[in-house]
Amino acid sequence: MTPHTLSLPGRVAEHPKAEDNARAELQPGAVFAEHGDYVWNALRRLGVPSADIEDLTHDTFLAVFKSWHAYDATRPLRPWLFGFALRIAADHRRLARHRVEVSRTAPDVADQGQSAVDQLLQKERERLAHAALQAVELSRRAVFILYELDGATLPEIAAALAIPVGTASSRLRLAREDFTAAVKRLALRMR
Amino acid sequence: MIDETPLIEPWLRTLRDDVQPMSADARGRLALRLASASVLAVAAPALATSLRRGFWYSRAFTAAVALPLGVVMGAAGHAYLVTSPAPVVKSVPAVSPPVAAPSAQAPRAVVEAAPAPPALGAAASAAPATPRAATAPTVKSEATPPSLEIELSLLERAKSKLSENQPQATLELLREHRARYPSSALQQEREALVIRALLAAGRRAEAKRRAQTFVRSYPSSALRGSVERATETIP
């Protein structure tokens, strides 16, 4: 058996009895190998300071592994992982000494054949977009990230975060308002 | 209501595109720490078993982690990684021997390299062998990360000595681990075991002191709770 043959939930749903097989095939190590980057970036988008992302990625996967038996293979995996990342990030933030960090390590944009100015502009765009995202309240931001950036559906989001669909929907609306306001504010400042 | 979508869409696009892969170092450290969760029974027992015999020692794990681990363990590997556009060839040195006819071991090596999942970023490209790999057939042993297994098995032996109620032997093994891997990614895990062994040896005051140091050094550690619980009754 190849351990990394992670059954994609979308496909699983098409096969009766595939759920058990999926659970058996889903290996923790393979999930880390395949979705480690996803969790890492989810924590980053949730506003975890870059110095803490590694530790929190560890804690997130540990929590995921402990709840392994609870994974519903008919549902997409990533929103489920995101739910753990959100809890870990929220717990982390509750400790007063942790501050939300807006600036962050610059992404490695070398080797893309861009001019230096373009790269700087791109970095600045990313910094501002990240700042706008951080302006959205955390529980709303979670729904917003899943919907707008990850492309999850509202029912998927509701299931992953254990909230009613109506709540997910209203958080998304409020998040869009927050985000839009932040974008306008930042755009104004740039003039 | 005004539709604000055109306004925010470019910003969303920027955010969607801004996905950073974790560094190879971080990936190696995390894989090691997560693999060790079973050794220290941080994970649920049933899962611990699957962690032990499952993916972590499998070929896909090797492909995914062998190189990042090499980076953690050695500066030379790091320099190679940073400077080489195709660093992963180093982790699969036996893939294509220089001789035309494949040797006995070669097909096995190919099988090992092949299952690398596609979503692994740099490490994933381990699968397609390049001719350059053939220039270093002598380092075949690198196809598996022996240091990972040694390091983990050392901790595992320490833990089993503890469960056999031989705290002295546990502490000796942990001292050895510390000497061999002073800047190990598993320092938290090692220290938590030391504290348990000190308790088992009746050296409670010492255990308490180290537990306090542990909490100061690793305030957000996943092991913090168990360390605090173990030593909370000590005055």
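1. Helices here are DSSP runs of H or I, at least four residues long, numbered from the N terminus. The model is predicted. By that numbering, Glu148(A) sits in helix 7 of chain A, residues 138-149.

2. Is Glu148(A) buried or exposed? Buried: its relative accessibility is 10%, and the cut-off is under 20%. Beyond its neighbours within four places in sequence, Glu148(A) contacts Leu172(A) and Arg176(A), plus Leu12(B) and Arg16(B). Glu148(A) and Arg176(A) are 28 residues apart in sequence, with 9.5 Å between their C-alpha atoms.

3. Next, the nonpolar cores. The largest has 64 residues; Leu46(A), Phe82(A), Leu161(A) and Phe179(A) touch the most other members. Helix 5 of chain A (residues 77-94) supplies the largest share, ten residues. Domain 1 (12-102) and domain 2 (115-191) of chain A each contribute at least three residues.

4. Phe82(A) deserves a look. Setting aside neighbours within four places in sequence, its contacts include Tyr38(A), Ala42(A), Leu46(A), Ala142(A), Ile145(A) and Leu161(A). Asp150(A) is also among them.

5. A second, separate core has 24 residues, including Ala35(B), Leu154(B), Ala158(B) and Val194(B).

6. Helix 8 of chain B covers residues 167-180. At 1.5 Å a residue, its 14 residues should span 20 Å; the end C-alpha atoms are 20 Å apart, so the two agree. Pro167(B), Thr170(B), Leu171(B), Leu173(B), Leu174(B) and His177(B) are buried in this helix. Seen down the axis, the buried residues of helix 8 fall within an arc of 165°, so they line one face. Arg175(B) and Ala179(B) are exposed, on the face turned away from the buried side.

Technical notes:
Residues are numbered from 1 along each chain as its sequence is written. Chains are lettered from A and ligands numbered from 1 in the order in which they are written. This is a predicted model: local features need pLDDT of at least 70, side-chain atom pairs count only at pLDDT 80 or more; totals for chains, interfaces and linings use all residues. Side-chain values use heavy atoms; hydrogens and water are left out. Helices (H or I, at least four residues) and strands (E, at least two) are DSSP runs, numbered from the N terminus. The expected span of a helix is 1.5 Å times one less than its number of residues. Buried means under 20% relative accessible area, exposed over 50%, partly exposed in between (1.4 Å probe, protein chains only). The arc is that of the directions from the helix axis to the C-beta atoms. A nonpolar core is a set of buried Ala, Val, Leu, Ile, Met, Phe, Trp, Tyr and Cys residues joined through side-chain atoms within 4.5 Å. Domain bounds come from an automatic or database domain assignment. Contact means heavy atoms within 4.5 Å.
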